[in-house]
Amino acid sequence: MSPCLELSVLWTTDSMFYREGMLAWKPALNHSGPTEFVFRVFTTVPEFQALLFLLFLLLYLMILCGNTAIIGVVCTHSSLRTPMYFFLSNLSFVEICYTTVVVPLMLSNIWGAQKPIPLAGCGAQMFFFLTLGGADCFLLAIMAYDRYVAICHPLHYALIMTPKLCAQMVAGALGLALLLSLQLTALIFTLPFCGHRREINHFLCDVPPVLRLACADIRVHQAVLYVVSILVLTVPFLLICVSYVFITSAILRIRSAEGRRRAFSTCSSHLAVVLLQYGCCALVYLRPQSSSSVDEDRQFALVYTFITPLLNPLIYTLRNKDVKGALRKVISTKGTSEAP
């Protein structure tokens, strides 16, 4: 074979391999692109999808109405302008924002086909979810301190819990939650996520399910998650426990049974919310990942996404005479103004 013919055959063979290689590589190019996530659906049965949509929508509207009513009552009634109700109105505002970060996107995914969320959108949801959830936990600890001062140091309550200090405590809770969630979210989204579209076995971009999708070593990230969880959950919960130890000791020293009952009634609402909120969050974030179930995490997340924000206004209104009285005044005033 002549040299020219041999070169021609080699060139033709290389061209064939090159074209075959490009054809084999082309599908990979079609699947490349920015990383997106989709949430795993609760069910694929249309009837159940409609039922879940209506149920979650109803719960969301009840959360909005209940917490908005508390904010409105506290802001419009001068008798409720005390530190306790100031913190309660801020807690209700955080609960409204907290559920709004999660529920509308969740409802849009229940009703219809799976809608992808970009990497930046997932990171934004995680950041706001963690910030508002952390602020919620810190506010519950602040409310426990407020009850401690009111019951253990009633004569100095007005001097200690000044409006300036109350505003500083709320701002500090929000600022600390923002700082911790920003660092944790930034650390998690430096991880590589293999593939173009990944399915999150959850209804929101929470930390544990997103970490499971990373194609890298996540031991450092899990350690950071535990540290942040301890700062947000364990430390405030211990402070709440210490506050209630002093509160219980002070209540038991009250001589009259009626006085003890009234003192306990002012704390029982807060304590019920604390146990529900911290209990469910601890089961999700403080359990070892090896022993945690993704389905269980979703169930616990439903509790602190829907049940706790819904119970907050119910518990604080049904067990609080001041709030019930203010709501009755609002309803009666509205009924009188609408009467011909």
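User: A charge sits over a ring if NZ of Lys or CZ of Arg is within 6 Å of the ring centre and within 35 degrees of the ring normal. Which residue lies over the face of Phe 42?

Analyst: This is a predicted model, where local features need pLDDT of at least 70, side-chain atom pairs count only at pLDDT 80 or more, and totals for chains, interfaces and linings use all residues. Residues are numbered from 1 along each chain as its sequence is written, and side-chain values use heavy atoms, with hydrogens and water left out. Phe 42 belongs to one aromatic cluster with Phe 56, Phe 203 and Phe 306. At 4.9 Å from the ring centre of Phe 42 lies Arg 298.

User: How is the aromatic pair of Phe 129 and Tyr 304 classed?

Analyst: Rings of Phe, Tyr and Trp (its six-membered ring) pair if their centres lie within 6.5 Å; planes under 30 degrees apart count as stacked, over 60 as edge-to-face and the rest as tilted. The structure holds twelve such pairs. For Phe 129 and Tyr 304, the centres are 6.4 Å apart and the planes make 35 degrees, so the pair is tilted.

User: How many residues apart are Phe 129 and Tyr 304?

Analyst: Both are buried (under 20% relative accessible area, 1.4 Å probe, protein chains only; exposed is over 50%, partly exposed in between). Phe 129 is in helix H4 and Tyr 304 in helix H10 (residues 294–318). Helices (H or I, at least four residues) are DSSP runs, numbered from the N terminus. The separation of Phe 129 and Tyr 304 is 175 residues.

Technical notes:
Helix = DSSP H or I, 4+ residues; strand = E, 2+ residues; numbered from the N terminus.
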